[in-house]
Amino acid sequence: MWRRHLLPALLGFLIIAGLVGLRLADPYPVRVARDIAFDVLQQLAPRAKSDLPVRVVDIDEESLRRIGQWPWPRSELATLTRRLGELGAAAIAFDVLFPEPDRLSPSRLAMTPLAWARLTPGPDLPDNDALFADALRSTPSVLGFAVSTATKTLPTAPKSGFAISGTDPTGAIPQVSGAVLPIAQLGDAAAGLGALSLQSNDSGSIVRELPLVWSAGNQLYPALAAEALRVALGAQTIVVFGDTAGQGYVDGVRIGDFTIPTDASGNLVLYYTRPDPALFVSARDILGPDYREMEPLIKGEIVLIGTSASGLLDLHTTALGDSVPGVSIHAQALQQILSGTYLTRSDWVSGLEIASFVLIGILVVAFLLRVGPLAALLIGLGLLVALAGTSWVLFTRYGLLLDPSFPLFGTFVLYSAMVFLRFAITDGERRQIRRAFAHYVAPALLTRIERSGDTLKLGGEVRDLTVMFADVRGFTPISEAMAPEELLTMLNTLFGALGAEVVAQYGTIDKFIGDALMAFWNAPVDVADHPRKACLAALGMRARLRALNAADGFGRKAAGRNPAELQIGVGISTGPALVGNMGLESRFDYSCLGDTVNVASRVEGACKMVGYDIVVVEETRERAGDLAFLEAGSLRLKGKSAREPIHLLVGDAVMAQSAAFAALAEAHQLALAAIRAGSGGEAAIARCAELAQAVDAGLSRFYDLIRERTADFAEALTPAA
């Protein structure tokens, strides 16, 4: 009971508790699985494309071929910036770093010794950085800095103001320990300054979130997308909302009229749309002579300048599996904010996921223990499908992220562990039953039963059987002289030896009835040559009993008991019998009944009459004819008009071929013929008794009884009419 029900249930609840603890700890593999699940949701239902005022001026491969390799002289960037301002861009944000002065500036080239020797005195040479700074100063421009751990330099005060509403969440915001900054000449000229980094860990993995705010102690800095939006809106301040529960987390960020929900660290959970070529304008078109034709694409737009050229190594992977330039991720973040389409994950969602798993887990454990693995699997799959459907509805209708991966993973682990435990317990019980049943049938036969169990007829069938009964002689006086404990020990020793011989010959032990044993052959599965195997089992039982008596295996000689040796009688019958489950539906035995069984019992009783320990019927003798048999007359059975011929089983096939047995068998037939003729045959019987000493001393009693009761044997030897 404990192993089958309580132990699996306890283990199931422990596994559920352990998995809940794993979810609360939220290690890296759990987070990765959750992220992948959310990626799948986006891939199935990406954000719908919409016409929003965001544009990317792309420094693409064609632009590099037309204008030259990167980096371009900043005079070109100055021209690009002025033209974008002229075309009416609401904001111009560079996803490009400018950490050093332009080495291609004529004023810097003139400083080299070779150039100085060849220059002709004249007016001052132009400075590309100054040209670029003038262009930045005259337009709504935004430059960027890169978060870096390789330097301790921090940005100067941000160009935007920051306000915190609620609990100060500064500690939860991604930290800036150092940054690669644009040169001061350019940084001072720009209207805004924002972080270019796409992830707080600077990894090259999938970009799923974009920090909107960065922190350097008490100073906050905006991301490039947030700063571009602020400049485009003409806002002066970015508001960071701390959580109202006082936990020090970020609830959201407000820029102008846009309130942006974020995660606890102030990250925007990116909801991607498929790459849209219409988002991009080639930089060559803005720098070309017909740039005014681009005005419909630029006017009123937040313009981001970046590169998609593969050689410039600014490609990143999105949740949709696309490889895109980093500038397009900033652009998608702006589109998402402008469209008001957000993905959120409230605090209660995590609790719902855990509660869902616990509920599914309990139901799986309950159904698995009460109904079985298949029903539990179907119930679990149904509940997981329902959870996945709920996750889908929440995602597509409300942008709410409900993770189905952990309940799926947890249920799989729980179900696998429970099925394994159930298998282990069942297998242990099966082995235990097999060991117990092996006392009744041979291991090889038991294996055949296991393999062909589906072919067994459990209601009862008529089969050709060989049935054996074995009984202890003089058991009543023996039992009266012994204590119950001693008697039980003796019987266990005896039946252990006798039963082993039955099992060794592929027999099935039906039952032990007091001091008697009943066994049969050829059921529940076919046993070839079963009459002979039953006879060999009887011979083995005789040999084992003689060995035990010789070694005082029952302790009777040592105890001075009478008789000192145990004796048994064995009766064997072969013929049709009904075999199957018999009894009540709640309690039954696999047994056999019929005339063959009754005859075997009567034949066992005849052992006393003939004075020999193994007696078989005619059918058994004919089907095991290579063994050593002697005719012993016939029995008159109740309910039968014809007498039943019986035979003594003297020995095995080796004995049957021996000269000693051949001589005995010949003398035996002469003695029986004399008895049938009514001549008495005393001399023939005496000769048989003499020859029997060389074959089996146990035959002496048989011949003694023939001499004492010749008339009875004469009747028994008379053939039935």
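Student: Which helix and strands each supply at least two residues of the lining of the second largest pocket?

Tutor: Rolling a probe the size of a water molecule over the atoms shows where empty space is left. In this predicted model, strand S3 (141-147), strand S15 (302-307) and helix H12 (326-339) each supply at least two residues of that lining. The second largest pocket holds about 480 Å³ of space. Its lining has 22 residues, and Asp 95, Leu 97, Leu 196, Leu 313 and Asp 314 are the closest to its centre. By type, the lining of the second largest pocket comprises 11 nonpolar, 8 polar and 3 charged residues.

Student: What is the volume of the largest pocket, and which residues lie nearest its centre?

Tutor: The largest pocket has a volume of about 1500 Å³. Of its 45 lining residues, Asp 35, Glu 209, Asp 263, Val 269 and Arg 345 lie nearest the centre. Helix H2 (28-44) gives the most to this lining, with 8 residues. Other elements that each supply at least two residues include strand S7 (209-211) and helix H13 (347-370). The lining of the largest pocket divides into 18 nonpolar, 14 polar and 13 charged residues.

Student: How should I read a salt bridge, and how many does the structure hold?

Tutor: Side chains of opposite charge can pair when their charged atoms come close. The structure holds 32 salt bridges. In one of them, the closest N and O atoms of Arg 23 and Glu 353 are 3.2 Å apart. This pair links distant parts of the chain, since Arg 23 is in helix H1 (residues 2-25) and Glu 353 in helix H13, 330 residues apart.

Student: Is Arg 23 buried or exposed?

Tutor: Arg 23 has a relative accessible area of 6%, so it counts as buried. Glu 353, at 1% relative accessibility, is buried as well. Another salt bridge joins Asp 129 and Arg 74, at 2.7 Å from N to O. Here Asp 129 lies in helix H7 and Arg 74 in helix H4 (residues 74-86), 55 residues apart.

Student: Which parts of the chain does the aromatic pair of Phe 98 and Phe 132 tie together?

Tutor: The structure holds 10 aromatic pairs. Phe 98 and Phe 132 form an edge-to-face pair, 5.2 Å centre to centre with 70 degrees between the planes. Phe 98 lies in the loop between strand S2 (91-94) and helix H5 (106-109), and Phe 132 lies in helix H7 (residues 128-137), so the pair ties together parts 34 residues apart in sequence. Phe 94, Phe 98 and Phe 132 form one aromatic cluster.

Conventions:
Residues numbered from 1 in each chain as written. Predicted model: local features only at pLDDT ≥ 70, side-chain atom pairs only at ≥ 80, totals over all residues. Heavy atoms only, no water. Phe/Tyr/Trp six-rings, centres within 6.5 Å; stacked < 30°, edge-to-face > 60°. Helix = DSSP H or I, 4+ residues; strand = E, 2+ residues; numbered from the N terminus. 1 Å grid on protein atoms, 1.4 Å probe; cavity = no way out; pocket = protein on both sides within 12 Å on 5 of 7 lines; lining within 4 Å. Points joined across faces, edges and corners; volume = space filled by probe spheres on them. Nonpolar A, V, L, I, M, F, W, Y, C, P; charged D, E, K, R; others polar. Salt bridge = Lys/Arg side-chain N within 4 Å of Asp/Glu carboxyl O. Buried < 20%, exposed > 50% of the residue type's maximum accessible area, 1.4 Å probe, protein only.
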